[in-house]
Amino acid sequence: MLHFGGREVGLRRPYRVAYLVSHPIQYQAPLLRYLARRAELDLTVFFLSDLSTGAYVDPGFGVPVRWDVSLLDGYRYIFLPAVGRRDRLSFWRPFVHGLRRHLKAGQFHALWVHGYAHHANLRAIGVARSLGIKVLLRGESHLHHRARSPLRAWVKDRILPWLLRRVDGFLAIGMLNREFYLHYGVPEERIFTMPYAVDNDFFRRQTAEAGPRREKLREELGLDPGQPVILYASKFLKRKRPSDLLDAYVRLSADGAREPAPYLLFVGDGAERPALQARVRVLRWSSVKFLGFKNQTELPRYYDLCDVFVLPSEDEPWGLVVNEVMNAGKPVIVTDRVGCGPDLVHHGENGFVVPVGDVEALARCLRQLTADSELARNMGHASQRIISAWDFQADLQGLVQALEYAVGRTAA
């Protein structure tokens with residue numbers, strides 16, 4: 001079924017763009033609405049699956065999720081038909097068809113593909129080329145994310161350059177992603193910055209509205225007034241290393257037995273949560289609290305409440321939660337394996353970048369920020385300033401530049 005969202009009509013001949021992506025994603029829906037309103041573009045989104053449009057079990061969180069923000073309003077979209085089940089995502093699932101017919105009928109100038117980890121995306125690149133449609137690629141890959149198996153790395157190093165030569169323009173989400181393309185032989189002139197951004201206006205508005213209710217939330221959580229709050233908000237997966245944060249927090253204790261002055265809030269869910277909770281029960285500390293999964297409209301309350309945010313991952317393609325909390329004006333601590341770090345976390349200015357697994361370095365940064373409220377506030381202001389330029393307007397600019405390069409300055 002074909003659906004339409006309103007958009008402003010200005011240019012006589014906008015770029016007709018088809019966007020292929022796995023499923024409706026809470027981070028992307030606001031961007032798609034923004035792009036659909038732009039006169040420069042005539043956008044149609046093609047989804048492989050609709051699994052996220054209702055309640056479903058997110059494999060990372062491990063709990064049923066139903067997003068409380070609109071995923072489909074405001075832009076044109078089509079769910080591609082599939083053979084068999086379409087409620088699971090893997091390289092082969094769902095097995096969709098019909099894209100060639102839509103691309104041919106739509107007379108698109110360009111096909112924008114999100115990633116290459118699904119067979120349908122790889123097929124789509126070939127289909128677009130056979131129809132004379134230019135191909136743009138946007139993905140999350142960076143060199144820290146290279147295949148760990150020597151055999152898989154060998155295959156990737158030989159197959160990936162061949163695939164990338166079939167792409168006309170690359171939409172880099174940040175510095176590490178750009179370096180990835182350059183490493184595999186993509187010429188600099190074919191790479192355009194389309195930063196990984198969130199709906200800055202939404203998160204700033206929501207955190208501003210949460211401010212007057214901050215002390216009420218503190219009271220609901222049983223937090224003493226005036227004590228600093230450290231926040232983790234992500235999935236509880238091994239690669240995100242939430243245990244490193246707990247280890248660093250324990251080092252804030254004066255003697256390893258007494259509770260530290262700051263509170264530590266864990267927001268989210270996943271396989272690692274039970275083990276972390278078991279450790280905290282042994283400590284018998286009430287200063288560490290596990291709050292479970294929080295939806296998109298709930299998260300800004302916790303961003304507003306916290307004094308410092310931490311993402312200690314060892315394998316994080318980007319980390320859009322960092323964008324979100326920076327809009328709340330908070331300092332952030334990430335590891336050198338978090339993809340957004342080189343672009344968004346300026347060490348010593350709006351937070352700190354620590355070596356992955358270096359618990360002592362993480363503890364030092366936590367101690368510094370929770371002991372110096374003025375430093376935390378200043379770094380928070382810097383976060384808000386930095387993220388202001390990392391927005392949907394920059395995404396539009398990068399996409400249009402890529403289209404001008406691949407298609408030409410005047411759409412036909």
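These legends describe close-up views of a predicted model.

**View 1**

**View 1**
Leu264 has Val288 of strand 15 as its bridge partner.

**View 2. Helix 9 (residues 273-283) and its buried face.**
Arg273, Leu276 and Val280 are buried in this helix. Seen down the axis of helix 9, the buried residues fall within an arc of 70 degrees, so they line one face of the helix. An α-helix has 3.6 residues a turn, so residues three or four places apart point the same way. What covers the buried residues of helix 9 includes helix 8 and strand 15. On the other side of helix 9, Pro274, Arg281 and Val282 are exposed.

Arg284 is found in the loop between helix 9 and strand 15. Its phi is near 60 degrees, a positive value in a residue other than glycine. Arg284 counts as exposed, at 77% relative accessibility.

**View 3. Gln107, a residue with positive phi that is not a glycine.**
Gln107 sits in the loop between helix 2 (99-106) and strand 9 (110-114). Its phi is about 50 degrees. With 57% relative accessibility, Gln107 counts as exposed.

**View 4. The largest nonpolar core, with 75 residues.**
Leu35, Val45, Trp112, Leu231, Phe309, Val322 and Leu399 touch the most other members. Helix 15 (residues 392-406) gives the most to this core, with 7 residues. Leu399 touches Leu35, Leu41, Trp112, Leu136, Leu171 and Met194, not counting residues up to four places away in sequence. Another core, of 31 residues, lies apart from the largest one. Among its residues are Leu99, Val113, Ile133 and Leu160.

**View 5. Ser313, buried in a loop.**
Ser313 lies in the loop between strand 16 and helix 11 (320-327). At 0% relative accessibility, Ser313 counts as buried. Ser313 is in contact with Arg239, Lys240, Arg241, Thr335, Arg337, Val338 and Val356, leaving aside its neighbours within four places in sequence.

**View 6. Asp336, partly exposed in a loop.**
The loop that holds Asp336 runs between strand 17 (332-335) and helix 12 (341-344). Asp336 has 36% relative accessibility and counts as partly exposed. Leaving aside neighbours within four places in sequence, Asp336 is in contact with His144, Val353, Val354, Pro355 and Val356. Asp336 and Phe266 are 70 residues apart in sequence. In space they are 21 Å apart, C-alpha to C-alpha.

**View 7. Cysteines in a structure with 0 disulfides.**
A disulfide is a covalent bond between the sulfur atoms of two cysteines. Cys306 is in no disulfide. The nearest cysteine sulfur to Cys306 is that of Cys340, 15 Å away. Cys306 counts as buried, at 0% relative accessibility. The sulfur of Cys365 has its closest cysteine sulfur in Cys340, 15 Å away and too far for a bond. Cys365 is also buried, with a relative accessible area of 8%.

**View 8. Tyr15 in strand 2 (residues 15-21).**
Tyr15 counts as buried, at 6% relative accessibility. Tyr15 and Arg85 are 70 residues apart along the chain. Their C-alpha atoms are separated by 34 Å.

Note on methods. Residues are numbered from 1 along each chain as its sequence is written. This is a predicted model: local features need pLDDT of at least 70, side-chain atom pairs count only at pLDDT 80 or more; totals for chains, interfaces and linings use all residues. Side-chain values use heavy atoms; hydrogens and water are left out. Two strands pair if DSSP finds at least two bridges between them. Helices (H or I, at least four residues) and strands (E, at least two) are DSSP runs, numbered from the N terminus. A nonpolar core is a set of buried Ala, Val, Leu, Ile, Met, Phe, Trp, Tyr and Cys residues joined through side-chain atoms within 4.5 Å. Buried means under 20% relative accessible area, exposed over 50%, partly exposed in between (1.4 Å probe, protein chains only). Contact means heavy atoms within 4.5 Å. A disulfide is a pair of cysteine sulfur atoms within 2.5 Å. The arc is that of the directions from the helix axis to the C-beta atoms.
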